[in-house]
Amino acid sequence: WEDNAGDLHKCPFKDQDTVFLVSFAIIMLNTDLHKSHASKGKAPKRMTKNEFITNLRGVYNGVDKFRDYIYAVYDSIELAPIAVSISIQNKK
């Protein structure tokens, strides 16, 4: 973040708190969109794009580029979950 702070073309965020809050929201969105359990046979309710934006209201002062960025993040996570893979190599 600090390398691009203030350059809205490279980073749509103006301060570190915004980066932290959006990062946390992205983790929660990933969990919500790709949770595998269903309660009582029903498909779980998934967060919509508008709900995601609403959850982030007040985080940033409504810059259009930020909204477009968040929409792009939502679409990306909806298509494919964020997954961490660990590679273990045998050392001899």
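Phe52 touches Ala25, Ile26, Leu29, Met47, Ile70 and Tyr74, leaving aside residues up to four places away in sequence; contact here means heavy atoms within 4.5 Å. Phe52 also turns up in the largest nonpolar core, which has 16 residues. A nonpolar core is a set of buried Ala, Val, Leu, Ile, Met, Phe, Trp, Tyr and Cys residues joined through side-chain atoms within 4.5 Å. Buried, for its part, means under 20% relative accessible area, with exposed set at over 50% and partly exposed in between (1.4 Å probe, protein chains only). Along with Phe52, the members that touch the most others are Val22, Ile26, Leu29, Leu56, Ile70 and Ile77. Helix 1, helix 2 and helix 3 each put at least two residues into this core. In soluble globular proteins, nonpolar side chains tend to be buried together.

A word on the model itself. It is predicted, so local features need pLDDT of at least 70 and side-chain atom pairs count only at pLDDT 80 or more, while totals for chains, interfaces and linings use all residues. Residues are numbered from 1 along each chain as its sequence is written, and side-chain values use heavy atoms, with hydrogens and water left out. The chain averages a pLDDT (the predictor's confidence in each residue, from 0 to 100) of 78, and 70% of the residues score at least 70. Where pLDDT is low, the predicted coordinates should not be read in detail.

As for the overall layout, the protein chain has three helices and zero strands, giving the pattern α-α-α along the sequence. Helices (H or I, at least four residues) and strands (E, at least two) are DSSP runs, numbered from the N terminus. Of the 92 residues in the chain, 24% are buried. Looking at contacts between residues at least 6 apart in sequence, 54% join residues at least 24 apart.

Three salt bridges are counted, a salt bridge being a side-chain nitrogen of Lys or Arg within 4 Å of a carboxyl oxygen of Asp or Glu. Lys49 and Asp75 make one of them, at 2.8 Å from N to O. Lys49 lies in helix 2 (residues 49–55) and Asp75 in helix 3 (residues 64–79), so this pair ties together parts that are 26 residues apart in sequence. Both ends are partly exposed, Lys49 at 27% relative accessibility and Asp75 at 31%. Lys45 and Glu51 pair up at 2.9 Å, N to O; Lys45 is exposed at 56%, whereas Glu51 is partly exposed at 31%. Asp32 and Lys35 meet at 3.3 Å, N to O. Here Asp32 is buried at 15% relative accessible area, and Lys35 is partly exposed at 26%.

Accessible areas come from the Shrake-Rupley method with a 1.4 Å probe; for residues, only the protein chains shown count as cover. Phe24, Ile27 and Met28 form a nonpolar surface patch with about 310 Å² of accessible area together. Patches are made of residues with over 30% relative accessible area and no salt bridge, where like charges are joined within 9 Å and nonpolar side chains (Val, Leu, Ile, Met, Phe, Trp, Tyr) within 5 Å. Met28 sits in helix 1 (residues 16–34) and is partly exposed, at 42% relative accessibility.
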